[in-house]
Amino acid sequence: MTDFSRIDAVLDRHDRNGTRLVQILRETQEQLGWLSPATLSRIATGIGRPRAEVSGTASFYSFFHTRPRGQYCVLWSDNITDRMLGNTDLMDAMCKKLWLEPGRVSEDGLVSVNTTSCTGMCDQGPAVLVNYRAIPRMTQARLGELVGLIREQKPVAEWPAEWFEVEDNIRRKDILLGHELSNGQALKTALERGAQGTLDEIKAGKLRGRGGAGFSTGMKWEACRNAVGTGGSPAHYVVCNADEGEPGTFKDRVLLNSYADLVFEGMSIAGYVVGAKKGLIYLRGEYRYLLEPMESTLAARRAAGLLGANILGKGFDFDIEIHLGAGAYVCGEESALIESLEGKPGRPRIRPPFPVTRGYLDQPTTVNNVETLAAACLIAAHGGAWYAGHGTEKSAGSKILSVSGDCERPGIYEYPYGVTVRQVLEDCGATDSQAVQISGPSGICVAAEEFGRRIAFEDLPTAGAFMVFDETRDLFEVARNFAHFFAHESCGFCTPCRVGTTLVRNMMDKISRGQGSPYDINELFKLHRVMQGASHCGLGNSACNPVFDTLNKFRPAYERRLKSLDYEPAFDLDAALSQARQMTGRDDAAAHLSNEETT
Amino acid sequence: MSPTFQLDGEDIAFTPGQTIMQAAKAAGVYIPHLCWHPDFPAHGSCKLCTVKANGRFGSSCTMEAQAGMSVENRTAELDDKRRTLLQMFFVEGNHFCPSCEKSGNCTLQATAYELKMMSPHFDMFYPDRPVDASHPDVLLDFNRCIMCSLCVTASRDVDKKNVFAMGGRGILGRRIHINSESGRLADTNFALTDRAAHICPVGVILPKRKGFAVPIGERRYDKAPINEQVKEPLKETAP
C-alpha cells in the first residue's frame, strides 16, 4: 500500500470531512509515522481546505510531527511529581545510553527522547510515552531493558505487556465510585421521568461542574435545551470533556477505565435532557490506550439497546463518538475543545456567544466534565434530594481527588464535599507535609497552616489534583516547573499569555541560576497583574497563580536564591562563551571569563 | 434617541449590537488597539484595547456596549498594562524601527509613542524568523509580525484566496503559514493588488522596489499622533 492510498483510506473513513481534520491527522500519523509536506498537501486537497490551514492545525498540537521523528519517540512526563520521583535522572541516563541530546532525533533516525507535559500518571510515575503508548513506573532496571528493545528495534506492540498496565489505585470510595447501579438503570429512570423532570432533578441535586469552575450543570443543560439550533442542519450536542490535562489530575483516566459505562450513561442522560442525538468525547491523546476499550464498551451498550436508535424502546435516539486530542492542554478549555473537535487549532473562542447557544458546528452544545456526567447518573437514579443530602450546602455530592506526591498511598480518593485537606493528608499517609497544590498549577497552593480548609466550591474549589509536598521539597522549584508548563502550553493567541508566560519562565530560570534580585520579584508581581486582567482565557489568567501563591506563602524559597538585594544583570559573561568552548572542544582556564564580581 | 454609555466619563452614543470599540471610533474617541480593523470582525488577540467596563476587564473590540455602562479607557492603570503589552510585542519580535520601511506608518510604533513607551524593558527574545523574499513583488519580513491575523482575514474574506493561515502554538510555534507545500509566497497566487497586501499594521508585508517613497518625517504618524486620527479611514500603503 502506498502512502497516498493509506492517506486516502483515512480520508474516506472520515467522509473527507474537514471538521474531522484532527482525527484524520492523528490516524494518518499513526500509519506513516509523521506528517510530511506531501502528506499535508494530500490531506488538504482531500478535505477541500486551504493547505496553510492544514499545516497550521498540524503544527498546533505537540503530538503531531511535521518533521521526521525517530522510529521510537520517547516522551518523559515532566510534571513536578515525575520530577520528585526522579524522571530527570532517568531521562539523562537514557540519553547517555543512546548517545542522544534531548529533543534531537538520533543520527540514524532510530530514536528521540524529550519531555512532555503531565501524562496523568502521577500516582505511578515516573511515566513515559513511547510512540504515544503510556508506560508508568519507570525504574533504572526497566530503562535498561527498554533501551535494549529500542536498539534491537523490537516493535512497541511486542514489548512486555505488564509495562503498559496502568493501575486504578482507588483508595477511597464514596457515593460515586461505590455506586451499585446496573447498566441502563439511571437512563431508564430518566426516560421514565421525562426530559423536563430529569432536568428538575439535576437542578434539585445542585450538581456543579467538576472541571473546577463549578458552574451549575442544571442551568447549563437548561440553557442548551432552550437554545435553538440554526442553519442547514440544526442540532444539539453533548460533549464530554475528557481532556484531563491539568498536571496532577488523573481521576478521569480511572473513570474512563473502570466506570466508562457510567460516563456514557451520563452523556446519554444529558443528551436526552438537552435534546441531542449525538455525543462526543474528547479524550486526551495521552490516554490513547483507552480508545479501544472504550470503543468496546460503546459497542456493548449499542448491543444492549442503551445507545443507538429507540433506546430502551422509549423513542430516544443517541450515539457517542470518541475524538482524540493530540497534546494540547488548552483544549481543556471548552471553546478550544470545540475548535479542536471541528478540526482546528485549539484556540479559545471569543465569548459570548457561549457553547450552550453556539458550540460544536455553531449548534447548542453542553460541554461537561467526565465526573460531572457520571454524577448525573446518581441523580437520575436516586433523585436530586438524595444527592443534595451529600456534601455541603453549596457543594452537593462528592468529589474525586487525584492524590500524588509525598505520601504513602497515592491514588484516587473520593470524599463528600467539605473534607479538610488535613483529613486527606492523614488518609493518604502523608507526613511532614509542607504544602498541597490543589487543582493543579492553575489552582491554589495551600500551606500547612491552612490544612484545616475544606475541599468545596465555597472554600477550595478543585478539578481534582491534590499534589503533596513534604518539608524536604523546594516550593520555588515547584513553581518553576509550573511556569515552564504554562509557557509550553500557551496557545499563543493573545499577547499577555503568549509573551507573559515566557517572560515568567525566563525570570524564574534567572532566579534559579542565582541571578535574581528583588527587582525580579516585583516584575513577577507586575506580570501577574497584567496577565490576570488581560488574557483571553483561563490559561493566561491563572498562569501566574503558582508563582503568586508561592511568593506570598513561601517567600524564603525565593529570597535565599537572590544574589543581592539590588539589581543583578541577566547576562553571564562566562556562560556566553559556552558555545565557543563547545565548538573548539576547549574547557581550560584560559577559555573562561570571570564575571565582574570575581575580578 | 440612541442609548449611551460612559467612556472615561464622556457620554458615547451607540446603536445596539455595536461593540465599545465601534461606538468609540464612531464618536472619534481613541481606544488603543493593534489587531482590530473596522472592516473586519474582531480578532481579540492583541489585548491593547482592554478596558474596564463596570469594574471588569475586557476587550473593547469584542464587548458589546450596554446602555448606562461605565467604561474606563485611558486611566493610568490601563495605560500601564498597555505599555507592558507593547513591550511584550517589542521583545518577542525583532523590531528595528530606525531602518524599517514602515517607520512613521506603523501602528505598533505609533501606539508605542502614544503610550510613551520609553524602552522594551524586558530582555529581548531575538527569535529566528526567516524572511520570505520569494515573491516578485512582495517581501515578507516576519521579524515584525504581531500575530494580528489581519492578512489572514483579508485574504480569506476579501481576496478569497486563503494565502495565509495562523498556525503553530505558543511563543515558539505561532506564526503565519503560507498556502503552498514549499511554504513560499512565490508558490501561491498572492498578488500585489490583493487587499491582504496592504492590510499589515506593521512592516511584515512590504511591496518591493518602493522603499522610502515618502520620506521619514512626512509620514502618517509623523504628522499627527495616532489618537488624533480616529475618525478618518485607515490609509493603507498604496501599491
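**Close-up 1. B:Asp8 sits in the loop between strand E1 (4-7) and strand E2 (10-13) of chain B.** Strands here (E, at least two residues) and helices (H or I, at least four) are DSSP runs, numbered from the N terminus. Although B:Asp8 is not a glycine, its phi is positive, about 50°. B:Asp8 is partly exposed, with 16 other C-beta atoms within 10 Å; buried would take 20 or more such atoms and exposed 12 or fewer, partly exposed being in between, with C-beta atoms placed from the backbone. This is a predicted model, in which local features need pLDDT of at least 70 and side-chain atom pairs count only at pLDDT 80 or more, while totals for chains, interfaces and linings use all residues. Residues are numbered from 1 along each chain as its sequence is written, and chains are lettered from A and ligands numbered from 1 in the order in which they are written.

**Close-up 2. A:Asn310 belongs to strand E8 (residues 308-311) of chain A.** Here, too, is a non-glycine residue with a positive phi, about 50°. A:Asn310 counts as exposed, because it has 10 C-beta neighbours inside 10 Å.

**Close-up 3. A cis peptide bond leads from A:Gly125 to A:Pro126.** Its omega is near -5°. Look for A:Pro126 in the loop between strand E2 (111-116) and strand E3 (128-130) of chain A.

**Close-up 4. A:Arg351 and A:Pro352 are joined by a cis peptide bond.** Omega is about -5° for this bond. A:Pro352 is found in the loop between helix H14 (334-341) and strand E10 (365-369) of chain A. Most peptide bonds are trans.
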